Amino acid sequence: MLCKPISVKELKRMQNFLLESGGASQEIPPEDVKNQDYQKHYISSERLKKEIPCQLGISYGFGKREKLDIFGADKVPADSPILVIIHGGGWIMGRREDSSFVASPFIDAGMLCVVAGYSLAPKATLDDIVADMCRAIAHVIDMAKSRGSRGIYVLGHSAGAHIAAMVASSPLMANPDHALWIKGFVLLSGIFDMCPIMMTSWAELGNFTEDAIQRNSPMFLVKEVSKHLQHCRFLVAVSQYDSPQFHKQSEEYHEQLLSVNLSSKYLEILDSDHFTIWLDLCIPEFTMTKEIINFVNES
């Protein structure tokens, strides 16, 4: 059965957030076009599950959404790098089941791909969501150890980029046996200072509190990252047509990483927007896809 596509109504909610969080973006494609794109890529996710060796719904916790989908384990060498993929959706929507379409070019490039699910607000708090992903990464670290992998790279988009950045600053990384397996983070169109969220309707939709927002703003946690991940590399990217807030926060987070002597590269991807920087990752020739492959191969 095909996955249910995101509705135009839900996309409008997401568009409102992009507008509210920093002013109108330079260009936002029509909702009906985006909805068609999402349907196409959900179908692609289902097709990939039939074409690529995969293990679906691997539990890493006890919650319904605390599951992983693993692609390419029997196709790539045991020591291949592992790419963990974290979907966006403003912490209130999105599913791992619908996000595997991005994996194909990376498997072809020799990576094992893990698509990670996590609990969603408002039922889950921001703290719960970050804790979920830390458990997911811990599970992948165990997998990397058993396979003799060359290392783990974490890719997140939008809210997924925020969650990935929070994992980088989490107590999980304080354990050297965990941290040494993490080689890099790829953060696409992320939110790193959560405070502006409180001025949008997204705060109400997610039932976010000011205390949780402050605890879960990776912009102010880079010193924690520097304590344990000095060996790690960061790739921070934003789309040309992202709203000003996304541009501002991505560039500032990149600069904060550099300020504590971490390795970070900043990119603006031309002719893309907040959605297509994610949706087009399934295209091998897409600039962001090639940048991610090069980023992993350079390590």
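**Entry 1: overview**

I began with a count: the protein chain has 12 helices and eight strands. Helices here are DSSP runs of H or I with at least four residues, strands are runs of E with at least two, and both are numbered from the N terminus. I noted that this is a predicted model, where local features need pLDDT of at least 70, side-chain atom pairs count only at pLDDT 80 or more, and totals for chains, interfaces and linings use all residues. Residues are numbered from 1 along each chain as its sequence is written, and side-chain values use heavy atoms, with hydrogens and water left out.

I looked up burial next. Of the 299 residues of the protein chain, 59% count as buried. Buried means under 20% relative accessible area, exposed means over 50%, and partly exposed lies in between (1.4 Å probe, protein chains only). The chain exposes about 12,100 Å², and carbon and sulfur atoms supply 51% of that area. Areas come from the Shrake-Rupley method with a 1.4 Å probe.

Then I checked contacts, meaning heavy atoms within 4.5 Å. I took those between residues at least 6 apart in sequence, and 77% of them join residues at least 24 apart.

**Entry 2: the sheet**

In what order do the eight strands of the open sheet lie? I read β1-β2-β4-β3-β5-β6-β7-β8, with mixed pairing. Two strands pair if DSSP finds at least two bridges between them. The edge strands are β1 (54-59) and β8, each of which pairs on one side only. From one strand to the next, the twist averages 20 degrees. For angles, axes are lines fitted to C-alpha atoms (for helices over the stretch in contact), and values run from 0 to 180 degrees between N-to-C directions.

I followed two of the pairs. β3 (residues 82-86) and β4 (residues 112-116) run parallel, with five bridges. In that pair, Ile 85 stands opposite Val 115 of β4. β7 (residues 233-239) and β8 (residues 263-269) are also parallel, over seven bridges. There, Phe 234 has Ser 264 of β8 as its bridge partner.

β7 and β8 also belong to a right-handed β-α-β unit, with helix α10 (residues 244-259) as its helix. Right-handed means that, with the strands pointing away from the viewer, the path from the first strand over the helix to the second runs clockwise.

Which strands does helix α4 (residues 126-147) lie across? I listed β1, β2 (67-71), β3, β4, β5 (152-157) and β6 (182-188). α4 runs at about 165 degrees to β3.

**Entry 3: salt bridges**

My rule was a side-chain nitrogen of Lys or Arg within 4 Å of a carboxyl oxygen of Asp or Glu. That gave 15 salt bridges.

I opened Asp 108 and Lys 75, which meet at 3.6 Å, N to O. Asp 108 is exposed at 56% relative accessible area. Lys 75 is partly exposed at 45%.

Asp 177 and Lys 145 came next, at 2.6 Å, N to O. This pair links helix α6 (residues 176-179), which holds Asp 177, to helix α4, which holds Lys 145, across 32 residues. Both ends are partly exposed: Asp 177 has a relative accessible area of 38%, and Lys 145 has 31%.

I also found a network: salt bridges with shared partners join Asp 69, Arg 95, Arg 96, Glu 97 and Asp 98. Within it, the closest N and O atoms of Asp 98 and Arg 95 are 3.0 Å apart. Is Asp 98 buried or exposed? Asp 98 is buried, at 6%, whereas Arg 95 is partly exposed, at 32%.

**Entry 4: two single residues**

Ser 45 sits in helix α2 (residues 31-51). Its relative accessible area is 0%, so Ser 45 counts as buried. Neighbours within four places aside, Ser 45 contacts Glu 97, Asp 98, Ser 99, Ser 100 and Phe 101.

Gln 55 is in strand β1 and is partly exposed, at 28%. With residues up to four places away left out, Gln 55 touches Leu 68, Asp 69, Ile 70, Ala 73 and Asp 74. I also looked up Gln 55 and Val 114: they are 59 residues apart in sequence and 9.6 Å apart in space, C-alpha to C-alpha.
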